[in-house]
Amino acid sequence: NAFGNYFDILKEVSYSPMMAEMLSYVDSKSSSTVFEESGIHSFPDENYAREVMQLFSVGVSMLNIDGTHQVDDEGNPKPTYDNLDIQNFARAWTGFTRQEMRGNFEALETEWLNRMDPMKIEANWRDPFPKMDLHLGFVGDKKPLCVDLPDKQFLRGGAKYRLLGSSKRPELQDQPSSWNVNALKVTVLESQSQLKNALSGLQPEITLESNLDCTNNECDLDNVRLVQVQANPPIYYEYVRPECVELAFYDSSKKISTRYNHGAPYKSMC
């Protein structure tokens, strides 16, 4: 990253399993996840949330443009952040975990861990709630709302697809291990489909260069997850939805929970 930018360097460092072990945020889970799993009230690990600001980025004191400290009325340096900011940002570092082991690199015989590949994010461990930044905004403020994405986004220019080969397990979407992969909804593209034609090159990653027209069953879909472009052997692509924000709280919301129906073991929604 010598010729990149500091954001790229910081991202690489943050996804490093060695850094996550050193600053203890590897396998950090949200408070809700820990409570659901064990009934224990706990907080996410705060170590990296503190160090990434203190050592790697903004520092502990606010600075003027010439590098001198900004001071308050009593002449004390103004702090860049406080402990509430650290607790808040700690929630953003939940869900990071190591990749599965693979060949072609050495590992300790007593610790069969992947310390080479960038970490992945376990979606079920992530804190799902809004996270404020240091300027009273929210992480994700510059991203569109998911509900505002254009209709048939999967057919519009810029839509991305990743080749899965004959595997039907999505790699970039939340996929609980308990789900039956063979039961996932797959959109089988017809021979006259413009999308099928665009994916026919079987490249590892394909980005649509322009908007495409829908064909038959595609016109009835709001979104897709997996598309099949070939039957024998079966070849699948995973649609990569653009980054967007899901609102955690909104007007006129309704709470949905599960309950036992008159003591029966079957649950119903209320």
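I'll start with a disulfide: Cys146 is joined to Cys244, with 2.1 Å from S to S. This is a predicted model. The link is right-handed, at 90° about the S-S bond. Cys146 sits in the loop between β2 (120–121) and β3, and Cys244 in the loop between β7 (234–240) and β8 (258–260), so the bond ties together parts 98 residues apart in sequence. Both Cys146 and Cys244 are buried.

The structure has two disulfides. The other one joins Cys214 to Cys219, again with an S to S distance of 2.1 Å, and is right-handed with 100° about the S-S bond. With the bonded cysteines numbered in sequence order, the pairing reads 1-4, 2-3.

Next, the sheet. Five strands make an open sheet with mixed pairing, in the order β4-β6-β7-β3-β5. On average, neighbouring strands are turned by 30° against each other, direction ignored. Strand β3, residues 160–165, pairs with β5 in the antiparallel sense over three bridges. Tyr161 has Ile206 in β5 as its bridge partner.

Last, helix α5, residues 83–90. Which of its residues are buried? They are Asp85, Ile86, Asn88, Phe89 and Ala90. The buried residues of α5 pack against α4 (47–54). The N-terminal end of α5 is capped by Asp82, with a side-chain oxygen 3.1 Å from the backbone nitrogen of Leu84.

Technical notes:
Residues numbered from 1 in each chain as written. Predicted model: local features only at pLDDT ≥ 70, side-chain atom pairs only at ≥ 80, totals over all residues. Heavy atoms only, no water. Pairing = 2+ DSSP bridges. Helix = DSSP H or I, 4+ residues; strand = E, 2+ residues; numbered from the N terminus. Axes fitted to C-alpha atoms, helices over the stretch in contact; angles between N-to-C directions. Buried < 20%, exposed > 50% of the residue type's maximum accessible area, 1.4 Å probe, protein only. Contact = heavy atoms within 4.5 Å. Polar contact = N/O pair within 3.5 Å; in protein donor to acceptor, adjacent residues only side chain to side chain. Disulfide = S-S within 2.5 Å.
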